[in-house]
Amino acid sequence: MASLKKQYEQIEKERGDILKEINELKKNEVIKRFYELQNKNIKLASEQITLYKKLKVKEYDSCNHIWVNTLHDYDSCEGRSDDYYGCIKCGLDQRVFEISSRLRSIDYLTLEQQVMYEYMYGRYVTYKGINTYIECDLDLARNFYTKLKEENKNINDEQVIDLLKNNLKLVKKK
Ligand SMILES: [Zn+2]
């Protein structure tokens with residue numbers, strides 16, 4: 001008991017000295033500036049996230065999607081299969097539902113994935129735009145789309161889909 005009390009008092013004194021020194025340092029101009037900048041940075045980071053979410057929602061809202069099938073998931077225990085779709089234009093990706101159910105939480109999703117999750121939750125997003133039912137890798141298809149758009153700004157969605165189908169046939173032949 002006496003030894004515990006002694007330990008406690010020792011720590012209390014040590015912390016008292018530390019706090020005194022911290023308070024002295026806080027008067028230093030450089031350190032004052034450090035705290036000022038750190039607080040500003042935290043505030044701006046939070047504003048940036050809010051704006052990022054708003055921008056993404058606007059981008060998803062204004063996209064006339066082209067969907068491809070990014071994952072065909074078959075559950076042999078339940079005999080149930082699920083299809084997940086992704087948009088090659090704006091990048092919306094239904095696989096965020098598969099990932100979050102596998103991880104049993106949306107907390108482990110990246111910010112981009114969380115925004116997608118919130119946007120698509122309870123919404124039939126694939127009703128908008130064209131569903132091609134083409135099975136392919138979303139990143140690959142998105143790169144393909146970006147390149148096509150760079151080369152020809154006036155290309156329409158039907159042309160994009162035809163070219164994507166032909167391109168995939170070429171990939172499979174190899
Ligand atoms: Zn889209």
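Let me begin with I66. Setting aside neighbours within four places in sequence, I66 is in contact with C87, I88, K89, G129, I130, T132, D157, V160 and I161; contact here requires C-beta atoms, placed from the backbone, to lie within 7 Å. The model is a predicted one, in which local features need pLDDT of at least 70 and side-chain atom pairs count only at pLDDT 80 or more, while totals for chains, interfaces and linings use all residues. Residues are numbered from 1 along each chain as its sequence is written.

I66 also belongs to the largest nonpolar core, which has 16 residues; W67, V68, C87, I88 and A141 are likewise among those with the most contacts inside it. Such a core is a set of buried Ala, Val, Leu, Ile, Met, Phe, Trp, Tyr and Cys residues joined through C-beta atoms within 7 Å. Buried denotes 20 or more other C-beta atoms within 10 Å of a residue's own, exposed 12 or fewer, and partly exposed in between. Two or more core residues come from each of strand 1 (66-75), strand 2 (80-87), helix 4, helix 5 (138-151) and helix 6 (157-173). These elements are DSSP runs numbered from the N terminus: helices are H or I, at least four residues, and strands are E, at least two.

I turn now to Y117, which is found in helix 4. Is Y117 buried, exposed or partly exposed? Y117 counts as partly exposed, because it has 17 C-beta neighbours inside 10 Å. Outside four places in sequence, Y117 is in contact with V96, S100, I106 and L109. Of these, V96 lies 21 residues from Y117 in sequence, yet their C-alpha atoms are 6.2 Å apart.

Notes: Contact = placed C-beta atoms within 7 Å.
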